[in-house]
Amino acid sequence: MSEKIETEYKPTVLEKAKNSINYHKERVNNHLIHNLNAYAKAAEKHLKNEKGDFDVKLLDSAEIAKQFVQAKIDYHQEALSKRIGFNIDLNHDDPEHALYSRRLLEEHIGFDPEKYTELVIQQGSNWTADAHTNQHQRILQDKFRENVDMYVNKLTEDNQSLEEVLQKTNLAGRNEKGELGFAPDLANYNIQKILTNDRAKRTIFSNYLQGAGREAILESLNKYKLPEQKE
Amino acid sequence: MQNNETLNIYKKHMHLHFITALSKGLSSTILDENNQPNVKHLQDQEKRDACKNIFQTTLFERSKDEHHKISNPLHHEYVINQLNAILHDHLEREDINMAQLLEESHDLINKADPL
């Protein structure tokens, strides 16, 4: 039993954080793709005039705006049901099922469906594809940012994780003495200042978690650079 | 002479054409059998090319009458070429960043001011 425990792989705190950030990053991307499709499908259905051409002014009609939003919600409902394997049905006979569906859908689209309809009716033809994607992007990016901040806060206290980042990004050398060892990349920096400054550590973690490379991390640490030595 | 209203309509329509063309291009290349996006499909050159072609054809077809709405039709050609170039760049990275792609394209359309 004890042998089994020894061979079990346990991800480090940093690896867990990185996996979570990557997962959320993928979710943001996928959601924007779904959102794009939802807008395009709804536009094909409701924003074409008699000649078959797109006409954004049709959105100035409250009735069309309502149908347009409904078509979008229908698309999201179907895509989400497939993804999570749960039948999202806001009008389900079981009120608990209906309530749960509503919560999942709201979380997925970032809006309360009724408020969303009101917003589009209010904006009319100003609710452009640009405005639409910007709004969703903002909501998703804010959530993503919150997630990154949460992990950065958690990791800032953890020197072990800092060491791991420095080694994974080739900023630091091999740690042989149980201390943070630094390779030439960080040689021109005020290491003590970085190690004792939460802001500097936050910069390193934040950059790393979001996928920035070594160069980007070094660039953001510029204020900790030592003055050039005169020969 | 072109007025601001017409230019605004041009931009709104270009946003719409861009979104619908991109949706068409991506749907037929990166969605899996359950209609879920899978960006790993972009590692396949054929799929990337298919996405570019569908996007290019759809955008061209749908926006072909839009140049009447601006005073300099050549500028429309520029917008179309640039939108194709932006998508091309993103696809060739094999890991599409939607937020960045949308931002770059929307910026380009919003700056269209051929007056």
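This briefing walks through how chains A and B meet and which salt bridges turn up in the structure. Keep in mind that this is a predicted model. In short, 28 residues of chain A are in contact with 29 residues of chain B, and a search over all chains turns up 16 salt bridges.

**Where A meets B**

- Together, chain A and chain B bury about 2500 Å², and 63% of that is on carbon and sulfur atoms.
- Three residues stand out on the chain A side: Ile33(A), Leu36(A) and Phe54(A) supply 23% of the area that chain A buries against chain B, more than any other three residues.
- The salt bridge between the chains pairs Arg62(B) with Glu44(A), with the closest N and O atoms 2.8 Å apart.
- If you're counting polar contacts, there are 13 residue pairs between chain A and chain B, both partners at pLDDT 80 or more.
- As for which helices take part, α2 (13-46), α3 (62-84) and α6 of chain A each supply at least two residues of the side that touches chain B.
- The top contributor to that side is α2(A), with 11 residues.
- Sorted by class, the side of chain A that touches chain B has 11 nonpolar, 10 polar and 7 charged residues.

**A loop threonine that touches both chains**

- Thr128(A) sits in the loop between α5 (113-123) and α6 (129-156) of chain A.
- Leaving aside residues up to four places away in sequence, Thr128(A) touches Tyr39(A) and Lys12(B).
- Thr128(A) counts as buried because its relative accessibility is 8%, below the 20% cut-off.

**Helix α3 of chain A**

- α3(A) has 23 residues and spans 33 Å from its first C-alpha to its last, close to the 33 Å expected at 1.5 Å a residue.

**Lys168(A) and its two glutamates**

- One partner is Glu15(A): it forms a salt bridge with Lys168(A), the closest N and O atoms being 3.3 Å apart.
- That pair links distant parts of the chain, with Glu15(A) in helix α2 and Lys168(A) in helix α7 (residues 159-168), 153 residues apart.
- Another partner is Glu164(A), whose side chain meets that of Lys168(A) in a salt bridge at 3.2 Å, N to O.
- Here both residues, Lys168(A) and Glu164(A), lie in helix α7 of chain A, 4 residues apart, or about one turn of the helix.
- Lys168(A) counts as partly exposed, at 40% relative accessibility, whereas Glu164(A) is buried, at 16%.

**The charged cluster in chain B**

- Glu92(B) and Lys52(B) form a salt bridge, with the closest N and O atoms 2.7 Å apart.
- Glu92(B) is in helix α3 (residues 73-92) of chain B and Lys52(B) is in helix α2 (residues 45-62), so the pair ties together parts that are 40 residues apart in sequence.
- Glu92(B) counts as partly exposed, at 31% relative accessibility, while Lys52(B) is buried, with a relative accessible area of 14%.
- Both belong to a network of salt bridges that links Arg48(B), Asp49(B), Lys52(B), Glu92(B) and Glu94(B).

Note on methods
Residues are numbered from 1 along each chain as its sequence is written. Chains are lettered from A and ligands numbered from 1 in the order in which they are written. This is a predicted model: local features need pLDDT of at least 70, side-chain atom pairs count only at pLDDT 80 or more; totals for chains, interfaces and linings use all residues. Side-chain values use heavy atoms; hydrogens and water are left out. Buried means under 20% relative accessible area, exposed over 50%, partly exposed in between (1.4 Å probe, protein chains only). Contact means heavy atoms within 4.5 Å. Buried area is the accessible area (1.4 Å probe) that two parts lose on being put together, summed over both. A salt bridge is a side-chain nitrogen of Lys or Arg within 4 Å of a carboxyl oxygen of Asp or Glu. A polar contact is a pair of N or O atoms within 3.5 Å; within protein, one must be able to donate a hydrogen and the other to accept it, and residues adjacent in sequence count only if both atoms are side-chain atoms. Ala, Val, Leu, Ile, Met, Phe, Trp, Tyr, Cys and Pro count as nonpolar, Asp, Glu, Lys and Arg as charged, and the others, Gly among them, as polar. The expected span of a helix is 1.5 Å times one less than its number of residues.
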